[in-house]
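Student: I have a structure open and want to go through its side-chain contacts. Can we start with the charged ones?
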Amino acid sequence: MLVSTMNDLPGFRVERVLGEVFGLTVRARNVGSSLGSAVKSLKGGELKGQTKMLVDSRLEAMGRLTEEAASRGGNAVLAMRFETSAGELGTEICAYGTACVVSPA
């Protein structure tokens, strides 16, 4: 599965556009990570627990995005973007783009 943030894919021709696809995940922080982040915020520095959670969440959202594109018969996702929002229950990560069928030009 080719995934690109570009609107086109150099060297490939878009044969069919299958429509918008997305992958979504919502993650809640665990108590240990929240406490560690609170302490770390007092003295500064990277919040490694938060960073790991966001990386894992993005990978999960991307996996769901590519699964949906493949289930529609696509072999590429163009104009892929991430949207992130933090709420009281956790952090929501959405990966979205346009599923397509592409072939070498």
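Student: Which side chain does Arg27 meet in a salt bridge?
Tutor: This is a predicted model. In it, the side chain of Arg27 forms a salt bridge with Glu60, at 2.6 Å from N to O. Arg27 is in strand β2 and Glu60 in helix α2, so the bridge ties together parts 33 residues apart in sequence.

Student: What is the relative accessibility of Glu60?
Tutor: It is 25%, so Glu60 counts as partly exposed. Arg27, with a relative accessible area of 24%, is partly exposed.

Student: Which other residue forms a salt bridge with Glu60?
Tutor: Arg64, with the closest N and O atoms 2.8 Å apart. Glu60 and Arg64 are four residues apart in α2, about one helical turn. Shared partners join Arg27, Glu60 and Arg64 into one network.

Student: How many salt bridges are there in the whole structure?
Tutor: Five. One of them links Asp56 and Lys52, at 2.7 Å from N to O, and both of these residues lie in α2.

Student: Changing topic. Which residues of α2 are buried?
Tutor: Gln50, Met53, Ser57, Ala61, Leu65 and Ala69.

Student: And what makes up the largest nonpolar core?
Tutor: Nine residues: Val21, Ala61, Leu65, Ala69, Val77, Met80, Ile93, Ala95 and Ala99. The elements giving two or more residues to this core are α2, β3 and β4. Apart from it lies another core of five residues, including Leu78 and Val102.

Student: What sits over the ring of Phe82?
Tutor: The charged end of Arg58, 3.7 Å from the ring centre. Both Arg58 and Phe82 are among the residues that Ile93 touches.

Student: How many aromatic pairs are there?
Tutor: The count is zero.

Technical notes: Residues numbered from 1 in each chain as written. Predicted model: local features only at pLDDT ≥ 70, side-chain atom pairs only at ≥ 80, totals over all residues. Heavy atoms only, no water. Core = buried A, V, L, I, M, F, W, Y, C linked by side-chain atoms within 4.5 Å. Buried < 20%, exposed > 50% of the residue type's maximum accessible area, 1.4 Å probe, protein only. Contact = heavy atoms within 4.5 Å. Phe/Tyr/Trp six-rings, centres within 6.5 Å; stacked < 30°, edge-to-face > 60°. Lys NZ or Arg CZ within 6 Å of the ring centre and 35° of its normal. Salt bridge = Lys/Arg side-chain N within 4 Å of Asp/Glu carboxyl O. Lists of a residue's contacts leave out its neighbours within four places in sequence.
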